[in-house]
Amino acid sequence: YEIPKRDWSSDVCSSDLSGFLGKQICSDLRSADFEVVGACRTKLNAPNTSVNVDLSDTSSALKVFTELQKFDSVVYAAGIGSIEDCEKNPNTAKLINVDVPVELAKFFVSTECQKYIYISSTRVFSGQTPFIEPTSICDPTTELGRQKSEAEKLLLKISPKSQVIRFSKIWSPNNLLIKNWTRALRNNEQIEACSDVSISPISLENASRSEEHTSELQSRFGI
């Protein structure tokens, strides 16, 4: 579907330009005539639309953003989203999933930024309770879920400008599982569905566009 025109200001900063979600967000917003600057750890040859930022060095990252123009909206799409990686390296994961986004939120809401969007996960819940509400008590069972839950609480305390979007599973056309299933079906081979997890997936395209529609949400909870 088409992205409808919204009453947004034009300058948007999106972190994790190299990630599949951050890249898609930047692409969609630019297609909708927003002025977007993507932040990425990898140095890209696009000085007018991207900036090199090492989020593992908070002071360095803040220095970079201080030197840029003020943004009307910021999307923090960076993060360590692997359950396994968070379990193996909890301190490193916490830095990127909790500490950095919180410090960046404090900085941006003190400027002219009107919206700071944090990409979270439904892993903040155990998955044992159906029909979860935004105000439901978080009961994570993984390190990833615990970190996302902590970040949400801290961010929502900082300012009403902070908003949270929770995703379960984002499917992209390049997802290895989907590609293997597609290949197998085309070869008339039998495939086996996942039996150890229940998810409600969303396409990468719709996940990207959902962050724009947060401007329509009236929830006083910011989620």
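Visitor: Leaving aside its neighbours within four places in sequence, which residues is E143 in contact with?

Guide: This is a predicted model, by the way. In it, E143 is in contact with C86, E87 and P90, once neighbours within four places in sequence are set aside. You'll find E143 in helix α5.

Visitor: Why is E143 called buried?

Guide: Buried means under 20% relative accessible area. E143 comes in at 18%, so it counts as buried.

Visitor: Which residues of α4 and α5 meet?

Guide: On the α4 side they include P90, A93, N97 and V109, and on the α5 side E143, L144, Q147 and I158 are among them. The residues of this contact split into 12 nonpolar, 2 polar and 5 charged.

Visitor: What is in the largest nonpolar core?

Guide: That core has 26 residues, and Y116, F108 and L104 are among those with the most contacts inside it. Helix α4 gives the most, with 8 residues. Another core, of 16 residues, lies apart from it, with A32, A77, L204 and A207 among its members.

Visitor: And what does Y116 touch?

Guide: Not counting residues up to four places away in sequence, Y116 touches several residues, including V74, Y76, P101, L104, F108 and L155.

Conventions: Residues are numbered from 1 along each chain as its sequence is written. This is a predicted model: local features need pLDDT of at least 70, side-chain atom pairs count only at pLDDT 80 or more; totals for chains, interfaces and linings use all residues. Side-chain values use heavy atoms; hydrogens and water are left out. Contact means heavy atoms within 4.5 Å. Helices (H or I, at least four residues) and strands (E, at least two) are DSSP runs, numbered from the N terminus. Ala, Val, Leu, Ile, Met, Phe, Trp, Tyr, Cys and Pro count as nonpolar, Asp, Glu, Lys and Arg as charged, and the others, Gly among them, as polar. Buried means under 20% relative accessible area, exposed over 50%, partly exposed in between (1.4 Å probe, protein chains only). A nonpolar core is a set of buried Ala, Val, Leu, Ile, Met, Phe, Trp, Tyr and Cys residues joined through side-chain atoms within 4.5 Å.
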